[in-house]
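Have the sequence and the 3D view open as you read.

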Amino acid sequence: MERRLQLIILAHIWALAPVALLWLRLPAWRGAGAPQDVRAIELLALIDAVYLLTRTWLALAGRLGTAPLWPYIDVALVTATLLVLRNPADPLATLYLIPLASAVASLRTRRLAAVTGLVGAGYLGVILSAGTPWTIGLAYRLIFLMLMASLYGGIIRVVADYARTAERAEYQTALAREIHDGIQHHLVTMGARLELARRLVREAPGRAESIVAEEREALRAASDELRYLVRRLRAPAGGDLGTALRSQIAATAERWPFALELDLPEGLPRLAAGAEHALLRVIQESLTNAAKHARAASVEVALTHAGGTLRCRIRDDGAGFDPASADGDGLAGLRERVREAGGTLEVTSRPGAGTTVTAAFPLPRR
């Protein structure tokens, strides 16, 4: 949400850039009494350009650690320009609206008050520096800027809060479904199977022992599911996809009987919540099959992204199988989960040649 907000602000600033360039290169357009010596203005324009390019690069790269400083820098640059022009009534004074609106939308009350105070002090300094008599028009302009910034920023904050509430509700619904379809299903099935084993203890002890062994694996699956949900709840906001998946896989990696190699580069873009969940399920199911059925000695999990698509490849050196004759409920259910998340799933294997599972998901538009 923060990154989206910063990109919206930058888009509006870039929309003003051509007009600002014309204002700089065509002195006659600045009106009567405007300074004709543009050296100081050109220096400020150069500083503005470097700042805007740097800020845009940081926003596109997702490096928002310096974002709280941007409204202060915006106010300082606008004030410096007005001081050079020595004209508090110049149209450039309306640019104060941008840092004020972004501060209302993204900063806490204390920092918002600081930005607002800086705007008031800066504009007052411009008036005093220019020797302009204080008029009701100047007071109206300053009050108008602050009120409009408060209005726009307040609207942005309400919309952002609504979006977060909707996202939270969607997340809670998805979590409840995962608990119902995952852990609860495992536990109900386990209870029924263990009851059957209890009845077979005397009549068919071998069959009862086999059922108990199978349900021990089901218990591990339920434990993995619960561990995954707990980690998902505790996971901090933000971060890249590779780090998130590495943390989830580490929760169960210690019990796999094969050598596991992870190629999950840092800086991978995040997917939608449903797609990330489907991706993790593909990885978990593939690792389980490699251990339980393929008896693989090594497994490689690799993520790449190109052309707006993220691909995950899980390759093992196990026994392999014929996908055409083994597309059972497990594989079909996995395909359906990936399809519902907007992705595709491809399984390549043949007996004695290992198995490669490739899942592809579209990256969200920036």
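## A buried tyrosine and its partner

Y96 has a relative accessibility of 0%, so it counts as buried (buried means under 20% relative accessible area, exposed over 50%, and partly exposed in between, with a 1.4 Å probe and protein chains only). This is a predicted model, in which local features need pLDDT of at least 70 and side-chain atom pairs count only at pLDDT 80 or more, while totals for chains, interfaces and linings use all residues. Residues are numbered from 1 along each chain as its sequence is written, and side-chain values use heavy atoms, with hydrogens and water left out.

How many aromatic pairs does the structure hold? There is 1, counting rings of Phe, Tyr and Trp (its six-membered ring) whose centres lie within 6.5 Å; planes under 30 degrees apart are stacked, over 60 edge-to-face and the rest tilted. Y96 and Y123 make up this edge-to-face pair, at 6.1 Å centre to centre and with 90° between the planes. Y96 sits in the loop between α3 (70-85) and α4 (97-106) and Y123 in helix α5, so the pair ties together parts that are 27 residues apart in sequence. Y123 is also buried, at 0% relative accessibility.

## Helix α5

Helix α5 covers residues 109-130, which makes 22 residues. Helices (H or I, at least four residues) and strands (E, at least two) are DSSP runs, numbered from the N terminus. From first C-alpha to last, α5 reaches 32 Å, close to the 32 Å expected at 1.5 Å a residue (that is, 1.5 Å times one less than the number of residues).

The buried residues of α5 are L112, V115, V119, G120, G122, Y123, V126 and I127. They cover an arc of only 160° around the axis, which puts them on the same side of α5; the arc is that of the directions from the helix axis to the C-beta atoms. On the face turned away from this buried side, α5 carries the exposed residues R110 and L128. After α5 comes G131, whose phi is positive, near 70°.

In soluble globular proteins, nonpolar side chains tend to be buried together. Here a nonpolar core is a set of buried Ala, Val, Leu, Ile, Met, Phe, Trp, Tyr and Cys residues joined through side-chain atoms within 4.5 Å. The largest has 31 residues, of which L279, I283 and L303 touch the most other members. Elements that each supply at least two residues include α8, β2 (298-306) and β5, and α9 gives the most, with 8 residues.

L279 touches several residues beyond four places away in sequence, among them L241, L245, L303 and F361 (contact means heavy atoms within 4.5 Å). A second, separate core of 22 residues includes V75, A93, Y123 and V126.

Helix α8 (residues 241-250) has L241, G242, L245, Q248 and I249 as its buried residues. Seen down the axis of α8, they fall within an arc of 130°, so they line one face of the helix.

## T355 in strand β5

Is T355 buried or exposed? T355, in strand β5 (residues 355-362), is buried, with a relative accessible area of 8%. Its side chain is joined to that of S349 by a polar contact of 2.9 Å (a pair of N or O atoms within 3.5 Å; within protein, one must be able to donate a hydrogen and the other to accept it, and residues adjacent in sequence count only if both atoms are side-chain atoms).
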